[in-house]
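Here's a quick tour to read with the structure open beside you. Take it one topic at a time and find each residue as you go.

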Amino acid sequence: MTEEFVLSSGPGGQNVNKTSSAVQLRFHPGSAGVFSDHQLKRLMQVAGKRAAKDGSILIQANRFRAQERNREDARERLKQLVLKALEPPPPPRRKTRPSRGAVERRLKAKAGRSRIKKMRGNVDTDD
């Protein structure tokens, strides 16, 4: 894990042009040696556009004006990302079908609407 401090945009007046308060945290999960292949794949999937082609994850934190708070924010966001990637996937969805009564009610309502719309047509007056 490497941290690099860069110039930050946003509030801070003229001081923002002089201080490097934003943090770029780069984490190399492949070289950490604590993740299985499946966990690495899931971590990269969850990281999305933060994942680089070299297998690293880049987190940029510039929410705060203080360098130390940005560092804590970046580490917390990395922690949340790893925890989200390591939680088990949800169970597969079980397919369900509507009950017979529900199907009949739906068809009866459709037929009723159809009759109402048919009554809106031209009236034949055969005299």
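Is the crossing of helix 2 and helix 3 right-handed or left-handed? The crossing of these two helices is right-handed. One thing to keep in mind is that you're looking at a predicted model.

**How helix 2 meets helix 3**
- Helix 2 covers residues 37–47 and helix 3 covers residues 67–86; they pack at an angle of about 125°, and their axes are 9 Å apart.
- That angle makes helix 2 oblique to helix 3, because an angle over 145 would be needed for roughly antiparallel, and roughly perpendicular stops at 115.
- On the helix 2 side, the contact is made by Q39, R42, L43, V46 and A47.
- Helix 3 brings L81, V82, K84, A85 and L86 to the contact.
- Sort those residues by class and you get seven nonpolar, two charged and one polar.

**A pair of rings**
- The structure has one aromatic pair, and its partners are F27 and F35.
- To describe a pair of aromatic rings, you give the distance of the centres and the angle of the planes.
- For F27 and F35, that's 6.4 Å centre to centre and 85° between the planes, which is an edge-to-face pair.
- F27 has a relative accessible area of 14%, so it counts as buried, since the cut-off is under 20%.
- F35 is buried too, at 17% relative accessibility.

**Out on the surface**
- Look for K53 in the loop between helix 2 and strand 3, which spans 57–61.
- S31 is in helix 1, residues 29–32, and it counts as exposed at 63% relative accessibility.
- S31 and K79 are 48 residues apart in sequence, with 17 Å between them in space, C-alpha to C-alpha.

How values were computed. Residues are numbered from 1 along each chain as its sequence is written. This is a predicted model: local features need pLDDT of at least 70, side-chain atom pairs count only at pLDDT 80 or more; totals for chains, interfaces and linings use all residues. Side-chain values use heavy atoms; hydrogens and water are left out. Axes are lines fitted to C-alpha atoms, for helices over the stretch in contact, and angles run from 0 to 180 degrees between N-to-C directions. Helices (H or I, at least four residues) and strands (E, at least two) are DSSP runs, numbered from the N terminus. Angles under 35 degrees count as roughly parallel, over 145 as roughly antiparallel, 65 to 115 as roughly perpendicular and the rest as oblique. A crossing is left-handed if the near helix is turned anticlockwise from the far one by less than a right angle, and right-handed if clockwise. Contact means heavy atoms within 4.5 Å. Ala, Val, Leu, Ile, Met, Phe, Trp, Tyr, Cys and Pro count as nonpolar, Asp, Glu, Lys and Arg as charged, and the others, Gly among them, as polar. Rings of Phe, Tyr and Trp (its six-membered ring) pair if their centres lie within 6.5 Å; planes under 30 degrees apart count as stacked, over 60 as edge-to-face and the rest as tilted. Buried means under 20% relative accessible area, exposed over 50%, partly exposed in between (1.4 Å probe, protein chains only).
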